[in-house]
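Dear colleague,

I am passing on the structure we spoke about, with the sequence alongside. Please have both open while you read the notes that follow.

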Amino acid sequence: MHASSSNSLGIGNRTGANLMGSDLYNNLIRYFVLHLKSLRERADAEQDEGLLRFYAAEWDRYTTGANYINRLFTYLNRHWVKRERDEGRKQVYPVYTLALVQWNLNLFTNIQQKNAKLANAILRLIESQRNGDTIDQGLVKKVVDSFVSLGLDDTDPNKACLDVYKQHFETPFIQATEAYYKKESEAFLADNSLPDYLKKAEERLKEEKDRVERYLNTETHKPLISTCEGVLIRDHASLMWDSFQQLLDFDKDEDLQRMYVLLSRIPEGLDPLRKRFETHVKNAGLAAVSKLVGEEGANVDTVDPKAYVDALLEVHKKNSETVQRSFRGEAGFVASLDKACREFVNRNAATGSSNTKSPELLAKHADLLLRKNNKVAEEGDLDDALDRVMVLFKYIEDKDVFQTFYTTKLSKRLIHGVSASDDSEDSMLQKLREACGYEYTRKLQRMFMDMSLSQDLTNQFKTRMQQLHDGDMDISFSIMVLGSNFWPLVPPTHEFIIPQEISTTYDRFQRYYQDKHSGRKLTWLWNYSKNELRTNYLNQKYILMTSSFQAVVLLQYNRDDTLSLNELFTATSIPQDLLVQILALLVKAKILVNEEAEQYDLNPNFKSKKIRVNLNLPIKAEKQAETKDVLKSVEEDRKYAIQATVVRIMKARKTMKHQLLIQEVITQISVRFTPKISDIKKAIDTLLEKEYIERVENTKDTFAYVA
């Protein structure tokens with residue numbers, strides 16, 4: 001009996017129960033072979049979907065019957081089969097597995113040998129579905145699942161094995177998918193626009209993902225999607241990259257998002273987009289500033305700080321929204337945006353070759369926001385406006401220039417009492433501190449402290465004067481004593497004759513302060529002081545708000561109605577070039593009349609709609625001097641900052657090569673400004689002269705720290 005079938009097991013020298021188990025097992029094989037032979041003949045007559053339906057129906061019947069038989073032969077599985085396998089005969093299987101093995105050998109393999117008839121029928125059905133037809137997905141799933149079930153691991157029959165599935169279905173399926181989408185994508189792009197293709201590719205990728213979930217094995221997901229990405233995306237990536245600029249130019253957010261999502265699926269797919277986006281943002285920023293300054297930079301010197309800042313912010317806002325909306329805030333695009341903004345904020349048509357223009361204009365804009373009578377402050381949007389200032393501040397390379405201009409503007413706001421509010425000033429300080437650290441705002445905080453101390457000092461002085469000179473204080477007087485190390489204020493470079501109207505109060509405060517703080521020296525900053533004068537020579541009384549220089553000129557008219565330029569110079573000691581500008585302002589305001597050369601008369605017919613008349617306007621010389629003084633201060637501060645950084649590095653490293661030292665200085669100091677190599681070399685030479693560092697003997701380019 002054992003020798004009568006090629007599918008039986010030749011088992012010799014077995015008797016009793018062993019022989020009975022072997023007979024049962026071989027008879028089962030013959031039973032399966034006989035049944036499957038009849039199915040094979042019927043299957044030969046079927047094609048395509050008919051074959052699949054026949055196969056699926058018979059597979060259901062066969063596996064159901066095999067389950068029953070498996071339970072019937074539980075004893076055989078538990079004893080004889082187990083013992084045979086334990087003794088190394090791995091070709092002996094539990095009954096249900098035996099049924100699957102026979103199906104594979106006697107039906108499945110036979111059908112597949114005829115031009116992969118079964119797998120091709122599935123592939124044709126899937127292609128039909130891709131073409132838009134409705135198919136029986138349950139049928140496909142049954143057949144595909146049978147491929148999975150037929151896989152067998154000889155070492156462990158219960159372990160899943162996908163060999164049959166991969167060989168007979170997955171491999172040809174992936175090949176067919178690649179060919180299908182290669183043909184379709186090329187044909188679609190020939191007749192349609194790229195945005196339409198992006199939608200098509202997006203839909204196709206979703207369809208393939210759904211296909212795996214509906215009727216394929218999950219292991220197919222990775223190779224299938226990878227193949228689709230290669231054909232649908234990688235093969236057409238160059239076209240997508242080339243079309244990216246057009247989508248940006250026309251704000252096609254949905255198409256940009258689709259392109260981003262698709263290209264993010266392939267390696268290096270986003271790199272060209274990031275580079276193109278960086279160039280786009282940079283060009284947009286440069287164009288916005290060029291439009292503002294006009295052709296050939298005609299308006300460079302008169303650029304309005306608000307208009308300049310608004311133009312830069314508009315470009316940043318628009319492209320930042322694009323990054324969030326179309327590129328999902330991806331870090332690479334954020335970095336491209338930041339790099340482009342840093343470039344056009346620091347180098348554009350308004351800045352020219354200067355690195356100081358942007359920080360200067362940004363500081364001036366912040367100053368306008370923080371002043372009284374500012375519409376933004378009145379509307380309650382000041383904190384948001386300051387946040388927008390900080391957006392640009394982040395990109396400023398020379399933050400020390402901003403710091404110096406901001407400090408200068410703050411000093412003016414505090415001295416003249418024109419801050420919008422203490423809360424707003426404190427809010428801005430906090431934002432700067434968070435961005436740059438405590439040291440960056442240390443001087444600014446000290447300025448507020450001086451203002452508070454000055455208020456207390458003024459009150460104490462007034463109280464003291466009332467005790468000593470009650471009834472003798474005929475003028476209202478307040479003083480600000482400001483630390484010279486913290487305030488960017490330059491004392492007048494010329495003599496100034498203090499008018500007798502305030503000389504008594506001036507002398508009394510001098511004595512009071514020296515008594516209170518012996519050893520301290522007061523330097524009077526008349527160029528920053530301001531006065532209020534009350535008119536008594538007109539029918540209508542006015543209050544004239546003036547600078548100290550304007551006040552001393554006007555007070556001379558208490559004694560004469562007509563004065564020459566030389567007489568005013570003698571009485572005030574104000575240099576004639578400055579005095580002429582001061583007089584020009586007073587003539588323009590119609591307080592004085594200049595009908596004869598170098599002669600100025602008090603105007604007896606002066607009229608104004610306002611009772612309080614502000615004459616204290618900056619003159620051109622003061623504006624130019626301010627910018628010049630700020631930049632000079634920046635240069636001086638930088639010199640010492642570089643020296644301090646070199647010393648700090650050398651103290652930590654002890655010895656260091658010249659080139660490495662320069663690189664380390666640049667790294668450490670670039671958070672505040674971008675140093676010039678020549679300035680670093682000068683600092684090193686200065687420190688060598690001062691013997692903070694020295695050259696190491698027998699070396700050309702190594703320095704050592706001198707303790």
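In which sense do β3 and strand β5 (residues 599-602) pair, and over how many bridges? Please bear in mind throughout that this is a predicted model. The two strands pair in the antiparallel sense, over three bridges, and within that pairing Thr562 has Asp601 of β5 as its bridge partner.

These strands belong to an open sheet of three, in the order β3-β5-β4, where the pairing is antiparallel. Since β3 (562-564) and β4 (592-596) stand at the edges and each has a single partner strand, one side of each is left without a neighbour in the sheet. From one strand to the next the twist averages 30°. Helix α24 (residues 576-588) lies across β4 and β5, and its direction makes an angle of about 105° with β4.

There is another open sheet of three strands, ordered β1-β2-β6, and here the pairing is mixed. The edge positions are taken by β1 (530-534) and β6 (612-614), each with a single partner strand, so one side of each has no neighbour in the sheet. The twist in this sheet averages 25° from one strand to the next. Strand β2 (residues 543-547) pairs with β6 in the parallel sense over three bridges, and Met545 has Asn614 in β6 as its bridge partner. Helix α22 (residues 548-555) lies across β1 and β2, running at about 125° to β2.

Turning to the helices, α3 (residues 74-86) has 13 residues and reaches 17 Å from its first C-alpha to its last, which is close to the 18 Å expected at 1.5 Å a residue. Even so, α3 bends by about 30° at Trp80, and Trp80 is also one of the buried residues of this helix, together with Leu76, Asn77, Val81, Glu84 and Arg85. After α3 comes Gly88, whose phi is positive, near 100°.

A polar atom of the Asn346 side chain lies 2.6 Å from the backbone oxygen of Arg342. Leaving aside neighbours within four places in sequence, Asn346 is in contact with Thr351, Ser354, Asn355 and Ser358, and also with Tyr395, Ile396 and Glu397.

Key
Residues numbered from 1 in each chain as written. Predicted model: local features only at pLDDT ≥ 70, side-chain atom pairs only at ≥ 80, totals over all residues. Heavy atoms only, no water. Pairing = 2+ DSSP bridges. Helix = DSSP H or I, 4+ residues; strand = E, 2+ residues; numbered from the N terminus. Axes fitted to C-alpha atoms, helices over the stretch in contact; angles between N-to-C directions. Contact = heavy atoms within 4.5 Å. Expected span 1.5 Å × (residues − 1). Bend = angle between axes of the 7 residues up to and from the residue. Buried < 20%, exposed > 50% of the residue type's maximum accessible area, 1.4 Å probe, protein only. Polar contact = N/O pair within 3.5 Å; in protein donor to acceptor, adjacent residues only side chain to side chain.
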